[in-house]
Amino acid sequence: MTPAPSLQDLIEIVRRDAGADDVLEQLATARAMVSELNDTGDALLGHYVDRARGSGRSWTEISNVLGVTKQAVHKRFAGNFPLGDEAPTLQRFTDRARHTLEAAKPAAAALGHNYVGTEHLLLGLYAEPESVATGVLLTASATRELVEAAVVARVGRGSATGEIHRSFTPRAAAVLTLALSEALKLGHNYIGTEHLLLAMYRDPESIAAQVLAALGLDRETGRARVLEVLAAWQQEQPGDTE
């Protein structure tokens with residue numbers, strides 16, 4: 001296994017990044033580095049937990065590898081999503097929202113991934129170019145090409161071939177549940193692509209949330225733009241939903 005950076009390596013990085021000999025400045029830089037390393041470590045474990053679940057491995061198997069209880073690993077990496085990982089009913093989802101969910105699987109297959117994660121749900125939004133969510137992405141210059149490149153930069157391409165038959169990872173499945181919460185917050189009786197997009201922000205460690213933030217669409221910016229595009233959409237097409 002490639003050795004992790006040594007303590008001396010990290011000290012040198014802190015000295016360089018601090019840009020000063022002031023010990024408090026270096027301490028602040030070290031604190032920021034540790035926080036970032038912790039976040040990166042959690043994201044790394046979460047990524048491989050998602051992949052393990054997507055490949056059909058059980059919570060028991062994963063908990064054995066991580067050396068914690070099944071309940072502990074589930075609480076940490078799957079939030080409040082049920083242990084059965086059953087996706088919520090799609091009855092309230094609009095046709096466009098359902099289409100984006102269907103598009104997530106071929107998006108995963110195109111990247112050679114044998115699981116469907118939040119990053120693939122994000123890519124699936126582009127299957128409906130006239131939707132509110134895609135309007136938000138495109139007005140922020142977040143094209144599908146840029147999003148895919150950002151996804152590949154984080155998780156790479158896989159070697160899986162053929163159609164994806166696996167269900168959503170826990171984080172991706174949770175997006176479907178949280179989309180209902182976002183719809184209720186906005187007083188909507190349907191779940192559209194905009195609610196799926198907002199739900200992706202609820203887990204800041206997910207690949208989708210990381211990609212959105214890297215492209216200039218952090219949670220606050222994304223929500224503000226959803227409200228703007230949604231208001232304009234409703235004025236242009238009253239009574240129509242997404």
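## The second largest cavity and its surroundings

Guide: Start with the lining of the second largest cavity: its residues divide into 6 nonpolar, 1 polar and no charged. Here Ala, Val, Leu, Ile, Met, Phe, Trp, Tyr, Cys and Pro count as nonpolar, Asp, Glu, Lys and Arg as charged, and the others, Gly among them, as polar. The model is predicted: local features need pLDDT of at least 70 and side-chain atom pairs 80 or more, while totals for chains, interfaces and linings use all residues. Residues are numbered from 1 along each chain as its sequence is written, and side-chain values use heavy atoms, without hydrogens and water.

Which residues line the second largest cavity? They are T100, L101, L121, L125, V175, L196 and M200. Two helices each supply at least two residues of this lining: α5 (95–110) and α10 (193–200). Helices are DSSP runs (H or I, at least four residues), numbered from the N terminus; strands are runs of E, at least two. The space inside comes to about 30 Å³. The structure holds 2 cavities of 30 Å³ or more. A cavity is a set of points on a 1 Å grid over the protein atoms alone where a 1.4 Å probe fits but cannot get out; lining residues have an atom within 4 Å of a point. Points join across faces, edges and corners, and probe spheres set on them fill the volume.

Now step back to the whole chain. Its secondary structure comes to 12 helices and 0 strands. Read along the sequence, the pattern is α-α-α-α-α-α-α-α-α-α-α-α. Of the 242 residues, 41% are buried. Buried means under 20% relative accessible area, exposed over 50%, partly exposed in between (1.4 Å probe, protein chains only). Take the contacts between residues at least 6 apart in sequence: 65% of them join residues at least 24 apart. A contact means heavy atoms within 4.5 Å.

Return to α5, one of the helices that supply the lining. R96 is partly exposed, at 21% relative accessible area. E128 is buried, at 15%. A salt bridge puts a side-chain nitrogen of Lys or Arg within 4 Å of a carboxyl oxygen of Asp or Glu. The structure holds 9 of them.

Move on to α10, which also supplies the lining. E205 pairs with R171 in a salt bridge, with the closest N and O atoms 3.4 Å apart. E205 lies in the loop between α10 and α11 (207–214), and R171 lies in helix α9 (residues 170–185), so the pair ties together parts 34 residues apart in sequence. E205 is partly exposed, at 26% relative accessible area. R171 is buried, at 7%. Another group forms one network: E182, K185, R202 and R223 are joined by salt bridges that share partners.

Helix α12 (residues 219–236) comes next, with G222 in it. G222 is buried, and its relative accessible area is 0%. Leave out residues up to four places away in sequence, and G222 touches V136, Y201 and L217. L197 is 25 residues from G222 along the chain, yet their C-alpha atoms are separated by 8.4 Å. A231 is also found in helix α12. This residue is partly exposed, with 36% relative accessible area. The C-alpha atoms of A231 and V132 are separated by 9.8 Å, though the two are 99 residues apart along the chain.

One loop has a backbone detail. S141 sits between α7 (132–139) and α8 (144–155). S141 is not a glycine, but its phi is positive, about 65°. Most residues other than glycine have a negative phi.

Finish at helix α1. The helix runs over residues 7–18, has 12 residues and reaches 16 Å from its first C-alpha to its last. G19 follows α1, and its phi is positive, near 70°. Why are E12 and R15 separated by about one helical turn? Because they are 3 residues apart in helix α1. Residues three or four places apart in an α-helix point the same way, because there are 3.6 residues a turn. E12 counts as partly exposed at 37% relative accessibility, and R15 counts as partly exposed at 46%.

Notes: The expected span of a helix is 1.5 Å times one less than its number of residues. On a 1 Å grid over the protein atoms alone, a cavity is a set of points where a 1.4 Å probe fits but cannot get out, and a pocket is an open set with protein on both sides within 12 Å along at least five of seven lines; lining residues have an atom within 4 Å of a point.
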